[in-house]
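Work through the exercises below with the model open. Each task is followed by a solution in steps.

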Amino acid sequence: MTFRTSLKTWFAGFLPAVPSTHPREWLRVACGCFLGMLVSLVLCLNLFPEPLLMYLFGPLAASSVLLFAVSSGALAQPWSLLIGYLVATLVAVALGQGFGYSIPLACGAVGLSVLFMSLLRCLHPPAGAVALCVHLSGMAVQQHGFGLLLPILIAATCLLGCALIYNNLTGVRYPKRPENPDLHHTQDPSVELRVGISDDDLEHALEDFGEFVDITRDDLARLVRATERHALKRSMGRMVVEQIMSRDLRCVSPGTRREQALAMLRRHRLRSLPVLDDDKRLVGIVSLVDLISRPRGVSPSLPWTLGKRILVGQLMTSPVRYVDSQAHVVELIPLLSTQGLHCLPVMEQGQLVGIITQTDLIAALQRSLLEHLS
């Protein structure tokens, strides 16, 4: 590599990365920062004197960017926000009370805050700014000593509350939590972890990287598996649901008796049946497990299997999870593997046109594998 190429590559690092977010997301973040800061400012200014707060709202504004713009990051989680502010404030005040307030001690407060936040796994960059502001704010703030904890933590908690409400109302899950619960209540890991990248693999990769990474392990796993799905889509070509779905359907109505539905399952060797109303609209789905379960509203102390007219409408699952006929086959894999579903109704312009099962998916994957092998 020539010197000119090396210099060009080095300067390229200063250029902005191509954004991967939609402008709609930019607007959502901007509105969230505005509302979060407005609520926090109004609340704190009504509780504490203004001179006490003027040096503290700069770091809070930086926190709002993290909480609303990169809420999936490890640095923006509730533990990092609250404990980070707590640790930084304690370190800054303790140094000030013990050794006085000066620029070198302010820099020391930032360094020690980062060290303790790293040890407690609560690294939050704006908290380092709090440590600096406490030392440079003057006697109007410093005279409060450890009493600074109250306004700082109230402001941070208020901002956190706004982020919890706003992010979830606008479709962003916050805080981050595992997406795949243990549906079967066994010790086995999920299918994705058994045949793909495991948690241990991610841990080793992060250890090898060796630097701070502002992404949670769960989000990293989601990113890797989403990349795998896109690669699989590309390799399988344009194979969509309507190509492999079952079209000759067996359906029941909410008024169908339980015995009739069980007989239909037995005769056709099925595991579930779509439930259609009089207008042929999909209103539910009933499985073998549903049909042998106790109906809703029946007391556990009463024998319900004898002499009872049990209807499908009392047992069906509603609303129904379904897929579009033009959905790519790869999109079915997480639905029919890790989410506990055995079949999915297929809809086209609001009408039921087919059923896709785990067997259909396996056949499609087998066909794709054979095509690649040949």
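**Exercise 1.** Find the residues that Ser-113 touches, leaving out those up to four places away in sequence, and decide whether Ser-113 is buried or exposed.

Solution. The model is a predicted one. Step one: the contacts of Ser-113 beyond four places in sequence are Val-87, Ala-88, Val-91 and Ala-131. Step two: Ser-113 itself belongs to helix α6, which covers residues 103-119. Step three: a residue is buried if its relative accessible area is under 20%. Ser-113 has a relative accessibility of 0%, so it counts as buried.

**Exercise 2.** Describe how α2 and α4 cross, and which classes of residue make up their contact.

Solution. Step one: two packed helices are described by the angle and the distance between their axes. Step two: the axes of α2 and α4 come within 9 Å, with a crossing angle of roughly 140 degrees. The crossing is right-handed. Step three: on the α2 side the contact includes Val-29, Gly-32, Met-37 and Leu-41, and on the α4 side it includes Phe-57, Leu-60, Val-65 and Phe-68. Step four: sorted by class, the contact holds 11 nonpolar, four polar and one charged residues.

**Exercise 3.** Which strands does β4 pair with, and in what sense?

Solution. Step one: strand β3 (residues 323-324) pairs with β4 in the parallel sense, over two bridges. Step two: β4 and strand β5 (residues 351-357) run antiparallel and are joined by six bridges. Step three: follow Met-347 in β4. Asp-324 stands opposite Met-347, and in β5 the bridge partner of Met-347 is Leu-352. Step four: β4 and β5 form a hairpin with two residues between them. In the turn, Gln-349 has a positive phi of about 55 degrees. Step five: β4 (residues 343-348) is mostly covered, with five of its six residues buried.

Notes: Residues numbered from 1 in each chain as written. Predicted model: local features only at pLDDT ≥ 70, side-chain atom pairs only at ≥ 80, totals over all residues. Heavy atoms only, no water. Helix = DSSP H or I, 4+ residues; strand = E, 2+ residues; numbered from the N terminus. Buried < 20%, exposed > 50% of the residue type's maximum accessible area, 1.4 Å probe, protein only. Contact = heavy atoms within 4.5 Å. Pairing = 2+ DSSP bridges. Axes fitted to C-alpha atoms, helices over the stretch in contact; angles between N-to-C directions. Left-handed = near helix turned anticlockwise from the far one by under 90°. Nonpolar A, V, L, I, M, F, W, Y, C, P; charged D, E, K, R; others polar.
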